[in-house]
Amino acid sequence: QVQLVESGGGLVQPGGSLRLSCAASGSIFRVNYMGWYRQAPGKERVLVAIINSGGSTNYLHSVKGRFTISRDNAENTVYLQMNSLKPEDTTVYYCNAAIESWSVAEMDYWGKGTLVTVSS
């Protein structure tokens, strides 16, 4: 059984910063790519940032230069450092990872989401 648990969401003023964390746990053999998505009410879930096992990254255009994704392979944890936050960044953020367990080939896993609210 593999689980992703997010933390770090909350309320922040415009221009402020937050750091999201997502830890994968369970019978993990290998974690391949890890990423963060966000989904506003009534809209599709969109990729915010992604990082592969080698450290290569890719970002949604609107967050480039403000958000940084990183990972700790030893801890199977991915982070999203969000700086210069804007009200339009307000929404629920979801962690996603492609994980091979000891009994199951690679599967996509999702966290339950963490709410980020940017407001004065």
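1. Charge. The chain carries 10 positive and 9 negative side chains. The centres of the two sets are 6 Å apart. Bear in mind that this is a predicted model.

2. Surface. As for burial, 40% of the 120 residues count as buried.

3. Secondary structure. The chain has 11 strands and zero helices. Read from the N terminus, the order of elements is β-β-β-β-β-β-β-β-β-β-β. The radius of gyration is 14 Å, close to the 14 Å from the globule rule for 120 residues, so the chain is as compact as a globular protein of that length.

4. Dimensions and contacts. Along the principal axes, the C-alpha atoms fill a box of roughly 45 × 25 × 20 Å. Take the contacts in the chain with a separation of 6 or more: 54% of them come from residues 24 or more positions apart.

5. Disulfide. The structure has one disulfide. Its partners are Cys-22 and Cys-95, with an S to S distance of 2.0 Å. That distance falls within the 2.5 Å cut-off, so the pair qualifies as a disulfide. Such a link is a covalent bond between the sulfur atoms of two cysteines.

6. Disulfide geometry and setting. The torsion about the S-S bond of Cys-22 and Cys-95 is about -80°, so the disulfide is left-handed. Are the two cysteines buried or exposed? Cys-22 is buried, and Cys-95 is buried too. Each therefore has under 20% relative accessible area.

7. Thr-57 belongs to strand S6, which covers residues 57–59. The relative accessibility of Thr-57 is 39%. Buried needs under 20% and exposed needs over 50%, so Thr-57 counts as partly exposed.

8. Thr-57, surroundings. Which residues does Thr-57 touch, leaving aside those up to four places away in sequence? They are Ile-50, Ile-51 and Ile-69.

Definitions and conventions:
Residues are numbered from 1 along each chain as its sequence is written. This is a predicted model: local features need pLDDT of at least 70, side-chain atom pairs count only at pLDDT 80 or more; totals for chains, interfaces and linings use all residues. Side-chain values use heavy atoms; hydrogens and water are left out. Buried means under 20% relative accessible area, exposed over 50%, partly exposed in between (1.4 Å probe, protein chains only). Helices (H or I, at least four residues) and strands (E, at least two) are DSSP runs, numbered from the N terminus. The radius of gyration is taken over C-alpha atoms; the globule rule is 2.2 Å times the number of residues to the power 0.38. Contact means heavy atoms within 4.5 Å. Lys and Arg count as positive and Asp and Glu as negative; His and the chain ends are not counted. The place of a charge is taken as NZ of Lys, CZ of Arg, CG of Asp or CD of Glu.
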